[in-house]
Amino acid sequence: MKRLLLSFLVLLLLAGNALAFSYTLPGTDPTESYKHHNNIGIRGELMIDLNVTIINTAPFPKFVMVNPRYDFKVYRRNNGEYVYGVRNTSGTTVHYVGNFSANTLNYHLGFWIRPYETVVVNFRITNETSYLLPMSNYNTLCGGGQITDLTFTNGSVTKGKVSVNDKLSNPICDVMYPQIINRPEVVDITSLLPLIDGYVKILKYSGTVTFRLINVPDENDEFWSVFAVSIPVIFTGASHYDFEPNYTMTYNEYMAKFVEEYRGVKIEKRTPETLQASNNLFSLTGNLLTGVPAAAPLPVKKNSTLMDYPIWIIWLGKSLDIKYNVSWNNREKVSLSGGEKEKVWVILDRGNFERK
């Protein structure tokens, strides 16, 4: 009997330790020290899965070096040429190489492509090594008044801290509305190769992007967050389609119509946002608010610097995945006139966004 009682007490102690944790806003995930969240507890993670068709037009072999931020697998023979990474809780990534003689040269990771060979290579950023997107803090006029520290024990809040603005001001300091807490990266996968090698060319690519939003601290759906996010990555010249869930509106609709109508106040008109392309990406159940009805935007001229892109308005409990497909083919030209593609909402020279 004494042995059973002792075992029971040990189990209680272990359970108590496992179910108590603290966090701060903004801060870092208590269980994964390298993963950060903003001041409303939102962390954004990006996963990419692309199949890229590459050709070597030279009469001699080429060794193509790969950014180790991507896992890759070469689809030929027994698919034994690959490199993938696994990240531990401290943030250190361990890489596993399938074939050192085939996938390293001068101690760089990559793969060989034979003369006149065409090969398909899968590039991935996985859940194991997801790319953490920078998420902006949610700004208000209150200058405080936010819960910044909380401790949970057995799933319930046991203590916390509120930041307080000591200045005497009105008791009502602001009203919430869905602010955009990220901005898209613009990436041109095909732009670098012509500058560094005239023989190795990308023929086409296609794949899936997953944007995972996590309300890090919210264990029991007690602290919900409302905000807006933009599409995380825009691939230059590619088609973007099959959004799940569908985006709520475009950036221009958000700025020109939604914010003003939602808040009920006139706001100063802003200059359309311009985004710069980059060669390197690395330099509740989610419910969507439908917002307000808005007319489809007018087609954008080819030389316009306007970047209009999808926006989601989100009421988030624990987590939500936003997914979409991308595709590009160097034998295809992106339509700039709409034409028969009635489902194209945003038409511009940097990418197409298709909404069902």
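Predicted model: local features only at pLDDT ≥ 70, side-chain atom pairs only at ≥ 80, totals over all residues.
1. Start with asparagine 215, which sits in strand 16, the run covering residues 200-215.

2. What else surrounds asparagine 215? Setting aside neighbours within four places in sequence, its contacts are Ile40, Gly41, Ile42, Phe223, Trp224, Ser225, Leu316, Gly317 and Lys318.

3. On to the charged pairs. How many salt bridges does a search of the whole structure find? The count is ten.

4. Glutamate 45 and arginine 43 form a salt bridge through their side chains, with an N to O distance of 2.8 Å. Are these two residues buried or exposed? Glutamate 45 has a relative accessible area of 2%, so it is buried. Arginine 43 is buried as well, at 5% relative accessibility.

5. The side chains of arginine 124 and aspartate 49 also meet in a salt bridge, at 3.5 Å from N to O. Arginine 124 belongs to strand 11 (residues 118-125) and aspartate 49 to strand 4 (residues 42-56), so this pair ties together parts that are 75 residues apart in sequence. Both ends are partly exposed: arginine 124 has a relative accessible area of 38%, and aspartate 49 comes in at 30%.

6. Then there is a pair within a helix. Glutamate 261 and lysine 257 are joined by a side-chain salt bridge, 2.9 Å from N to O. Both residues lie in helix 4 (residues 251-263), and they are four residues apart, about one turn of the helix. Glutamate 261 is partly exposed at 45% relative accessibility; lysine 257 is also partly exposed, at 29%.

7. Some salt bridges share partners, and these join Asp29, Lys35, Arg43 and Glu45 into one network. The buried pair from point 4, glutamate 45 and arginine 43, belongs to that network.

Terms used: Residues numbered from 1 in each chain as written. Heavy atoms only, no water. Helix = DSSP H or I, 4+ residues; strand = E, 2+ residues; numbered from the N terminus. Contact = heavy atoms within 4.5 Å. Salt bridge = Lys/Arg side-chain N within 4 Å of Asp/Glu carboxyl O. Buried < 20%, exposed > 50% of the residue type's maximum accessible area, 1.4 Å probe, protein only.
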